[in-house]
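Subject: Structure handover

Hello,

Please find the structure below, with the findings after it. Questions are welcome once you have looked through them.

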Amino acid sequence: MRILLLGGQSPRHRDWARRFAAALQARGHRTDVLEYANWLAGTPVTDFAGELDRAVARQPSGPYLIAAKSIGTLLTLTGVARGRLHPAGALLLGFPLRGIPDIAGVDPVEIARGWRRLPPTVLVQNQLDPW
């Protein structure tokens, strides 16, 4: 299966995303990690609109899954709500329950619309996550 991996906002998620992609690839999946510009620059804030455009451009043709963590879940929900991302399924790891209104480019109404439009999805939530 093809998998588009959208990690969390912090640059520390870059290593996590690479390790997760390697584990998926070892099991025969073709995985593409969207490396956020702020990861590469070592800065803490993700350009949400820019990364959404990059995710749309990187989505595979044909059936694919999205595996997303934290801000990646918000990118997924927004992209699905806008009809720009079309995964066959999703694995959402750690949906941020706090701070959504503080992220430039994130619309809580679109997030709610995205939840209703998601394909089959598994959500794994860590109750100790600060967000």
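**Gly-79 and the helices around it**

At 0% relative accessibility, Gly-79 is classed as buried, a word used for residues under 20% relative accessible area, with exposed meaning over 50% and partly exposed in between (1.4 Å probe, protein chains only). Gly-79 sits in helix α4; helices (H or I, at least four residues) and strands (E, at least two) are DSSP runs, numbered from the N terminus. Leaving aside residues up to four places away in sequence, Gly-79 touches Leu-52, Arg-84 and Leu-85, where a contact means heavy atoms within 4.5 Å. Val-56 is 23 residues from Gly-79 in sequence, and their C-alpha atoms are 7.6 Å apart in space.

Before going on, note that this is a predicted model, in which local features need pLDDT of at least 70 and side-chain atom pairs count only at pLDDT 80 or more, while totals for chains, interfaces and linings use all residues. Residues are numbered from 1 along each chain as its sequence is written, and side-chain values use heavy atoms, with hydrogens and water left out.

**Helix packing**

Two packed helices are described by the angle between their axes and the distance between the axes. For helix α3 (residues 48-58) and helix α4 (residues 71-81), the axes come within 10 Å and cross at roughly 65°; axes are lines fitted to C-alpha atoms, for helices over the stretch in contact, and angles run from 0 to 180 degrees between N-to-C directions. That makes α3 roughly perpendicular to α4, the term for 65 to 115 degrees (under 35 is roughly parallel, over 145 roughly antiparallel, the rest oblique). On the α3 side the contact is made by Phe-48, Glu-51 and Leu-52, and on the α4 side by Ile-71, Leu-74, Leu-75, Thr-78 and Gly-79.

How do α4 and α5 cross? Their axes come within 7 Å, at an angle of roughly 80°, so α4 and α5 are also roughly perpendicular to each other. From α4, Leu-74, Leu-77, Thr-78, Val-80 and Ala-81 meet residues of α5, including Ile-111, Gly-114 and Trp-115.

Is Glu-110 buried or exposed? Glu-110 is buried, with a relative accessible area of 11%. Its contacts, not counting residues up to four places away in sequence, are Leu-77, Thr-78, Ala-81 and Arg-82.

Most residues other than glycine have a negative phi. Ser-70 has a positive one, near 55°. Ser-70 is in the loop between β3 (64-69) and α4, and at 17% relative accessibility Ser-70 counts as buried.

Ala-90, in strand β4 (residues 89-93), is buried too, at 9%. Ala-90 touches Ile-66, Pro-120, Thr-121 and Val-122, not counting residues up to four places away in sequence.

**Aromatic rings**

The whole structure holds 3 aromatic pairs, meaning rings of Phe, Tyr and Trp (its six-membered ring) with centres within 6.5 Å; planes under 30 degrees apart are stacked, over 60 edge-to-face and the rest tilted. One of them joins Tyr-36 and Trp-39, tilted, at 4.7 Å centre to centre and 55° between the planes. Tyr-36 is buried at 0% relative accessibility, and Trp-39 is buried at 4%.

Lastly, Lys-69 lies over the face of Trp-16, 5.1 Å from the ring centre; this requires NZ of Lys or CZ of Arg within 6 Å of the ring centre and within 35 degrees of the ring normal.

Regards
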